[in-house]
Amino acid sequence: MQVLDFDYMLGLVPVLLRYLPLTLQMAAVGMVLALVLACGLAVIRVLRIPGLNAATLLFISFFRGTPLLVQLFLFYYGLPQLMAFLTQINGVTATIMGLTLHFSAYMAESIRAAIVGVDRSQTEAALSIGMTNGQLMRRIVLPQATRIAVPTLMNYFIDMIKATSLAFTLGVTELMGATQKEAAGSFLYFEAFITVAIFYWIIVELLAWFQRRLEIRLNEAYRR
Amino acid sequence: MIKRIALTVLAAGFMTAGSLAQADEHAIKVGMSGGYFPFTFVEQDKLQGFDVDVMEAVAEEMGVEVEFVTANFSGLFGMLESGRIDTIANQITITEERADKYVFTEPYVYDGAQVVVKEGNEEIEGVEDLKGKTVAVNLGSNYEELLRELPYADEIDIRTYESNIEQDTALGRVDAFVMDRVSASQVIKEKPLPLALAGQPFSKIRNALPFRDTEQSRALRDRVDAALASLRESGELEAISEKWFGTDITRP
């Protein structure tokens, strides 16, 4: 077996660091947008708003039922053939759109589960002292649902960071794209891909640390 | 606090999106994979190779800027089709199907299809020995078509790859791969993979730059063609070829 080329791996680190911001940025923007969209979808599902409920079900069914890569190709290569102005959408935007729609479908279901998971007695108590539906949601249900939803939502965020590695198929050179091109130039596949694997691993570990801190804070009210 | 972070992130996202979407009239947008040594590849974040040099020379001749867009090979024609790039400089071979759909410049590289095997494999000595073997080709490349045209195509197990066919042949996961002779020789010479050429090239190929078949794109094609012709005349095209291959691959 050949010996690992450590110098090459070290040389790759500053190169990959240059592409890290784009990866994080696509995931962060995608996450914020997906959270907003997912909250809306979840509320529609919980309140069973007529009409919108059926549309939401269809939305979730499609975006959960088809692979992310297919959705990305559809937005980036497919739609511009139908509507020429959509060529304006560049790879970064298409990736963020794809991540947002895809993950919001999953997140909507886990947020809905969190809302439903808040004990029924909480709702009854709130209504008995005359709270409106809006007050009930804002003051009682959503804060408690947040605590329940955080672990699964963090899971989706982690998944989303790794899903940005599909963006190179849309011409976006992010962490994975930069690695693929470097590997093609050097033919040192193991060194290149283990380096990028460590990159993703460290990012996810940092997030997991943040998640533990967040959960401790959210659980403060429940400590006895 | 969280709201402010979210807004900053959003703003940053849209700013990059905006700056990337701007079209430039005085630039030619050239798509390439960045993963086809030594035509287009990256070392220490620097895009380089034969096709990079050729396109830079062409742009200079035309008096425009050149903007390289890198994407996976299978995405390149989609980008051309959807108008995101003007042409592809990635050793695109002129095939009948492509010529129906796109307009090409004059060929700027003349080459042959080559079978490559793992070093020490003496079973395969040319394309006629591929019967019953597993052969790797790049997805969307014309080599798959070339193999399918062989009379014994049914007996070849053709595997299409997104990338890394050299590596899988060296690992022995497939018996051989087919690529153009020039880059195959270059890979064997310069890279630490145990590979060997098997026999002679088996098909003539001509590579050129494809453009969309629209009035505007055809006009651009004509300008690129003129630039290529004058580079050929001045000997600059040959010089670029000599630099990368030590031989002139730009003439039949």
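Predicted model: local features only at pLDDT ≥ 70, side-chain atom pairs only at ≥ 80, totals over all residues.
## Chain A

Chain A is built from eight helices and has zero strands. Read from the N terminus, its elements follow the order α-α-α-α-α-α-α-α. The C-alpha trace of chain A extends over about 70 × 55 × 25 Å along its principal axes. Of the 224 residues in chain A, 38% are buried. Where contacts in chain A join residues at least 6 apart in sequence, 74% of them link residues at least 24 apart.

UniProt, in an unreviewed entry, assigns "domain: ABC transmembrane type-1" to residues 20-211 of chain A. That span is 83% helix and 0% strand, and its end C-alpha atoms are 21 Å apart. The unreviewed entry in UniProt also lists "transmembrane region" for residues 20-44, 56-77, 83-103, 148-168 and 188-210 of chain A. Two of these stretches can be described individually. Residues 20-44 of chain A are 100% helix and 0% strand, with end C-alpha atoms 36 Å apart. Residues 83-103 of chain A are 62% helix and 0% strand, with 25 Å between the end C-alpha atoms.

One helix pair in chain A is described in detail here. Helix 2 (residues 52-65) and helix 4 (residues 91-117) of chain A pack with their axes 8 Å apart, at an angle of about 120 degrees. On the side of helix 2 of chain A, the contact is made by A:Phe59, A:Ile60, A:Phe63 and A:Arg64. Helix 4 of chain A contributes A:Leu101, A:His102, A:Ala105, A:Tyr106, A:Ala108 and A:Glu109 to this contact.

## Chain B

Chain B contains nine helices and 14 strands. Its radius of gyration is 20 Å, close to the 18 Å that the globule rule gives for 252 residues, so chain B is as compact as a globular protein of that length. The C-alpha trace of chain B spans about 65 × 55 × 35 Å along its principal axes. Buried residues account for 40% of the 252 residues in chain B. Among contacts in chain B with a separation of 6 or more, 71% come from residues 24 or more positions apart.

In an unreviewed entry, UniProt places "domain: Solute-binding protein family 3/N-terminal" at residues 27-248 of chain B. This span of chain B is 36% helix and 28% strand, and its end C-alpha atoms lie 28 Å apart.

B:Tyr161 belongs to strand 10 (residues 157-161) of chain B. With 17 other C-beta atoms within 10 Å, B:Tyr161 is partly exposed. Leaving aside residues up to four places away in sequence, B:Tyr161 touches B:Ala136, B:Asn138, B:Leu139 and B:Asp168. B:Tyr161 and B:His26 are separated by 135 residues in sequence and by 36 Å in space, C-alpha to C-alpha.

## Contact between the chains

The two chains meet through 29 residues of chain A, which are in contact with 34 residues of chain B. On the side of chain A that touches chain B, helix 1 (6-47), helix 3 (68-82), helix 4 and helix 7 (175-186) of chain A each supply at least two residues. Helix 1 of chain A provides the largest share of that side, seven residues.

## Backbone features in loops

The peptide bond from B:Phe37 to B:Pro38 is cis, with omega near -5 degrees. B:Pro38 is located in the loop between strand 1 (27-32) and strand 2 (41-43) of chain B.

| Residue | Phi |
|---|---|
| A:Arg48 | near 50 degrees |
| B:Gln91 | near 50 degrees |

A:Arg48 sits in the loop between helix 1 and helix 2 of chain A. B:Gln91 sits in the loop between strand 5 (87-88) and strand 6 (92-93) of chain B.

Technical notes: Residues numbered from 1 in each chain as written. Chains lettered and ligands numbered in written order. UniProt positions renumbered as here; feature names shortened; annotations may be inferred. Helix = DSSP H or I, 4+ residues; strand = E, 2+ residues; numbered from the N terminus. Rg over C-alpha atoms; globule rule 2.2 N^0.38 Å. Buried ≥ 20, exposed ≤ 12 C-beta atoms within 10 Å, placed from the backbone. Contact = placed C-beta atoms within 7 Å. Axes fitted to C-alpha atoms, helices over the stretch in contact; angles between N-to-C directions.
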